[in-house]
Amino acid sequence: MIRRPPRSTPLYSSAASDVYKRQTKSVEGNIKIDSNGQIDKSNSLMQVNLADLKSDSSYRDRYVKNKTLETNVYKYAKFIPSEAIGANWPLPISESIEFKLIGDMTIKTTTKRLTWIIKCSNNGSNLIGKATTEFTFEDFNITKPSAMSVVSVEDEIRLEIDFEATINQ
């Protein structure tokens, strides 16, 4: 079982030339993997508290939270992993492991299949690395920010999570 990553920092950005970054340490959850390397979907969930996302502008943060993400109603983005492609089980103790983590991501009321690229190291008790994925505002029926105070953004969103996860045997 892989438990809550204590130093996770998701990054919400667009592909615009001036990348708009939002960060939080409010990531929690676990991924339960059986002895055959299969993910137990019913006991696996990762979630990000969207209300805790912060940028360099409190005004922009309020706009995105209230108008774009509607965090007063939809507090969390949730990911339920279902399979790990390219991951040998048990994960080898190594400085360089790369695999795909596939599952269902829910933002607001929309759930879509999403693939995360995981690049990490395993020291036997912790996985330390980065997870990345990309999608569009439209994929999750999110209205793109359009207020004058919000940086103009393209449709592509890239999420990055720097993580350190504890491995429980």
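Arg158 is partly exposed, at 32% relative accessibility. Buried here means under 20% relative accessible area, exposed means over 50%, and partly exposed lies in between (1.4 Å probe, protein chains only). The structure is a predicted model, in which local features need pLDDT of at least 70, side-chain atom pairs count only at pLDDT 80 or more, and totals for chains, interfaces and linings use all residues. Residues are numbered from 1 along each chain as its sequence is written, and side-chain values use heavy atoms, with hydrogens and water left out.

Arg158 takes part in two of the salt bridges described here, with Glu134 and with Glu160. A salt bridge is a side-chain nitrogen of Lys or Arg within 4 Å of a carboxyl oxygen of Asp or Glu. By this rule the structure holds 8 salt bridges. In general, side chains of opposite charge can pair when their charged atoms come close. The side chains of Arg158 and Glu134 meet at 2.9 Å, N to O. Arg158 lies in strand S9 and Glu134 in strand S8, so this pair ties together parts that are 24 residues apart in sequence. Strands (E, at least two residues) and helices (H or I, at least four) are DSSP runs, numbered from the N terminus. Glu134 is partly exposed, with a relative accessible area of 39%.

The bridge from Arg158 to Glu160 has an N to O distance of 2.8 Å. Glu160 is buried, its relative accessible area being 18%. Salt bridges with shared partners join Lys130, Glu134, Arg158, Glu160 and Asp162 into one network. Within it, Lys130 pairs with Asp162, and their closest N and O atoms are 3.3 Å apart. This pair links distant parts of the chain: Lys130 sits in strand S8 (residues 126–136) and Asp162 in strand S9 (residues 156–166), 32 residues apart. Lys130 is partly exposed at 32% relative accessibility. Asp162 is also partly exposed, at 28%.

The nonpolar interior comes next. A nonpolar core is a set of buried Ala, Val, Leu, Ile, Met, Phe, Trp, Tyr and Cys residues joined through side-chain atoms within 4.5 Å. The largest such core has 36 residues. Leu101, Met105, Trp116, Ile118 and Phe163 have the most contacts inside it. Two or more residues each come from strand S4 (45–49), helix H1 (58–68), strand S5 (76–85), strand S6 (94–107), strand S7 (110–122), S8 and S9. In soluble globular proteins, nonpolar side chains tend to be buried together.

A search of the whole structure finds 2 aromatic pairs. Rings of Phe, Tyr and Trp (its six-membered ring) pair if their centres lie within 6.5 Å; planes under 30 degrees apart count as stacked, over 60 as edge-to-face and the rest as tilted. Phe79 and Trp116 form an edge-to-face pair, 6.1 Å centre to centre with 70° between the planes. Phe79 lies in strand S5 and Trp116 in strand S7, so the pair ties together parts that are 37 residues apart in sequence. Phe79 is buried, at 6% relative accessible area. Trp116 is buried at 5%. Phe135 and Phe140 also form an edge-to-face pair, with centres 4.9 Å apart and 75° between the planes. Both Phe135 and Phe140 are buried.

Strand S5 also holds Ala77. Ala77 is buried, at 8% relative accessibility. Contact means heavy atoms within 4.5 Å. Leaving aside neighbours within four places in sequence, Ala77 is in contact with Met46, Gln47, Val48, Leu50, Thr106 and Ile107. Ala77 and Thr109 are 32 residues apart in sequence, and their C-alpha atoms are 9.8 Å apart in space.

Asn122 lies in strand S7. The Asn122 side chain reaches the backbone oxygen of Pro92 at 3.2 Å. Not counting residues up to four places away in sequence, Asn122 touches Leu91, Pro92, Ile93, Ser94, Ile97, Leu127 and Ile167.

In helix H1, the buried residues are Arg60, Asp61, Tyr63, Val64, Lys65 and Thr68. Just after H1, Glu70 takes a positive phi of about 50°.

Key
A polar contact is a pair of N or O atoms within 3.5 Å; within protein, one must be able to donate a hydrogen and the other to accept it, and residues adjacent in sequence count only if both atoms are side-chain atoms.
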